[in-house]
Amino acid sequence: MLKLNDHKALLVKFQSLLALLLMVAVFSACAEGFFSTDNFWLILTQVSVNMCLSVGMTLVILTGGIDLSVGSILALSGAVMAGLLKNGVEIPAFNLFVGFTALGAILTGLLVGSFLGFFNGLMITLLKIPPFVATLAMMTIARGLTQLWTGGAAITGLGEVFAYIGTEDFCGVPVRVCTCAAIVGAAILVLGKTRFGRYIYAIGGNEQASRLSGLNVNRIKLRVYTIAGALSAVGGLIVTSKLDSATPIAGDGYELDSIAAVVIGGTSLSGGRGSVLGTVLGVLIIGVLNSGLIILRVPPFWQKVIKGCVILLAVAIDKLNTKEK
Amino acid sequence: MSTSEIDKVVLRAGNISKAFGGIKALDDVSLEICAGKVNAIVGENGAGKSTLMKILSGVYGDYKGQIVLDEGAIVFSGPAEAQDSGIAIIHQELNLIPHLSVAENVFLGREFISRAGLIDYRAMRRETAKILQRLDLDIDPRVEVSGLRVGQQQIVEIAHALSLDARILIMDEPTSAISDREIEVLFGLIRSLTAQGVAVVYITHKLDELFQIADTVTVLRDGKLVGSRDIDEVTHDDIVRMMVGRDMEDFFVKAEVAKPEVVFAVRDVCLSDTRLAGDYVVDHVGFEVKAGEVLGLFGLMGAGRTELLETIFGLHPEQSSGDIFLQGRQVEIDSPSDAINFGIAFVTEDRKAEGLIPEMSVAASISLASLEQTERFGFLSSRLENGLARDYVGRLRIKTPSVRQKVENLSGGNQQKVVIAKWLATDPRVLLLDEPTRGIDVNAKNEIYRLISDLAGAGMAIVMVSSELPEIMAIADRIIVLSEGRQTAEFTSSQATEESIMKAAIPQGQAV
């Protein structure tokens with residue numbers, strides 16, 4: 001009896017991993033060219049942007065919040081980087097022109113993303129605007145700002161140095177994948193081994209009890225949304241660098257892919273329960289699904305239907321398992 | 001309705017018992033409700049009044065005993081069926097939907113539908129107006145409920161009950177949130193309802209009201225029936241005696257260890273009422289606690305006990321005022337983290353909502369409020385954390401298979417010990433306890449008493465809120481009684497009697 005329960009618990013614990021392996025097995029069997037080193041690297045590089053966004057989203061969702069603005073912040077940060085690098089800034093009042101190096105442009109872009117996330121946090125903590133609404137507004141604002149900044153057209157021709165992040169390898173591994181791995185590692189460490197990480201779980205698990213235990217709930221949330229903004233900017237950097245182009249529609253709809261990855265990874269939307277490792281699996285599941293369906297030449301419209309069904313299935317299984325207790 | 005139906009017993013509850021997880025909330029209680037009368041029910045907090053009313057109104061289905069309605073035994077499958085049988089309940093917390101109109105609220109779920117399949121607002125307004133007229137409430141059925149005063153909202157609830165043709169109307173503490181003038185209106189209304197043959201069941205702890213409005217009074221104590229009397233047969237003091245007079249069993253008695261040094265003092269603590277401008281929930285309360293002393297705070301529901309502790313702990317910095325002194329030095333507390341830094345700990349009344357994070361392990365729960373001591377070079381050390389947790393699991397005898405167990409899987413008593421451990425881990429000098437033994441079994445209770453006694457013995461200053469008289473009399477060295485936010489009495493443990501405490505706790509009607 002005990003043994004059966006143990007197996008069951010193990011099954012529940014690794015359900016995302018099992019789902020991923022099952023999917024890889026199925027696609028390897030029926031999609032020619034899926035099971036190859038090249039394709040695996042391709043998948044890893046393709047999921048890198050969603051990975052950045054989803055790690056930030058995991059932190060936000062663990063506190064019991066949501067961030068709909070990650071796609072738009074990605075676009076604006078990328079556009080800021082590209083614009084500064086390509087055109088610099090003119091300050092007519094002082095008859096001044098400021099040019100940017102690639103590093104300067106990147107850092108400024110990351111700052112912009114962080115600030116927008118910080119602003120989300122301010123709205124949520126000080127004005128008590130529900131996260132859904134505050135970040136929905138930011139999603140629209142940042143998208144509008146991107147269009148203003150780019151004038152509605154793509155900014156291209158950003159040079160070799162800037163392209164390094166999105167196209168080159170570092171010790172045989174694509175720089176994008178290295179970046180993601182570093183972010184994932186840092187997030188796992190922070191969540192598991194620091195007070196800040198513990199407090200994120202505590203707030204999502206019971207905000208009132210956390211407040212009564214002396215936690216500065218507002219400060220922690222503010223940090224979480226700032227990090228989510230910064231990681232969106234990293235996503236913006238990768239996209240822009242890879243395509244050598246910042247477009248006003250970059251990252252459109254990415255917030256949904258990232259929420260889907262977090263949910264598939266077993267993180268509870270009500271907060272307090274979940275893990276970055278789960279999210280990594282969630283991101284990979286979506287990546288593998290995309291790759292396999294493309295190789296199988298499933299029409300794009302059907303791909304969406306199938307992806308939606310996978311999300312439903314993942315959450316339904318999770319619900320059934322937690323309900324049993 | 002003919003006069004012959006008045007005085008008739010409409011509902012008879014026989015030998016009702018109900019337990020929650022081994023704790024008896026009601027034990028063999030019998031009760032008769034008469035038509036055309038105000039049947040009052042009184043008792044301390046936890047006496048079983050609400051449980052009994054929930055059984056009568058169909059909320060709880062699994063109880064022992066039987067309910068006879070109009071000579072026929074009946075078992076309600078749910079509140080809706082009780083309503084259909086003519087039993088309506090008005091809870092202390094009103095159940096109205098604020099942004100709907102009066103008429104929409106009165107007929108919620110039973111809207112009139114016109115032949116076109118749409119809601120017939122005109123008919124609903126007409127019917128509502130008729131009922132409101134019967135209740136002497138001059139408001140337009142179209143106004144939003146949120147714009148009404150609490151007293152008026154209550155009358156809307158009564159209108160709702162009447163629209164259901166309720167013959168038995170249960171009112172739970174209906175005067176707790178309304179003004180004196182509104183109380184007069186309400187009493188007038190109750191009298192006219194009883195004259196029309198409605199049986200009113202009236203729950204209160206304001207004894208003065210009984211003599212104004214009640215016909216009979218039933219006293220419950222510790223889930224048992226003490227007795228039912230006609231109001232003319234009893235005096236105020238008789239009722240108090242019935243409410244408290246219990247056999248003192250061999251109760252844990254704390255040794256007195258207070259040292260002369262005053263550790264903690266508060267002066268003029270006030271908390272203003274957010275609902276009623278100019279009113280106070282906590283009204284100029286002050287006390288001091290010596291090292292090793294347990295100060296008991298007693299009060300009935302709504303006396304402001306919990307609010308007093310919350311204010312001290314920095315939960316209401318915007319609405320509160322007052323001075324707090326720690327070892328003679330005045331301190332400023334604007335948040336729980338301030339309070340914790342000054343060495344104050346607060347074990348809250350509601351474990352689930354305010355004390356614990358159910359998904360967390362025992363170790364994580366115990367270390368939550370003092371996580372910095374499990375840190376090494378900026379990172380949490382599970383070795384230090386588990387060590388801290390094991391230390392408290394041993395000291396407080398917390399029964400858990402391991403410190404990695406989730407707290408939601410522990411029993412109530414052990415969960416409470418985890419909460420206390422969390423606070424002891426912050427190394428406090430002052431411990432605020434709000435109903436520390438609520439909802440836990442007798443053995444765990446005794447262990448908690450022993451723990452409180454030990455902590456006091458080690459020199460901690462302890463403030464304990466309790467609504468259980470025997471408990472507070474056994475554990476506290478001194479007892480302060482709160483009533484409607486004000487401090488009404490102070491006793492040393494040797495002076496205090498259950499009757500004197502209860503007398504000070506019962507609100508005095510301002511009209512008398």
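**Exercise 1.** Find the residue with positive phi that follows α13(A).

*Solution.* Go to the end of α13(A). G266(A) comes after this helix, and its phi is positive, near 90°. Helices here are DSSP runs of H or I with at least four residues, strands are runs of E with at least two, and both are numbered from the N terminus. The model is predicted: local features need pLDDT of at least 70, side-chain atom pairs count only at pLDDT 80 or more, and totals for chains, interfaces and linings use all residues. Residues are numbered from 1 along each chain as its sequence is written, and chains are lettered from A and ligands numbered from 1 in the order in which they are written.

**Exercise 2.** State how many residues of α13(A) are buried.

*Solution.* Apply the cut-off: a buried residue has 20 or more other C-beta atoms within 10 Å of its own, with C-beta atoms placed from the backbone.

**Exercise 3.** Trace the strand partners of β14(B).

*Solution.* Strands pair if DSSP finds at least two bridges between them. Start with β11 (residues 262–272) of chain B: six bridges join it, antiparallel, to β14 (residues 320–326). One of the bridge pairs is L271(B) with S320(B). Next, β15 (residues 329–331) of chain B runs antiparallel to β14(B), with three bridges. Finish at the turn: two residues separate β14(B) and β15(B) in a hairpin, where Q327(B) has a positive phi of about 45°.

Terms used:
Buried ≥ 20, exposed ≤ 12 C-beta atoms within 10 Å, placed from the backbone.
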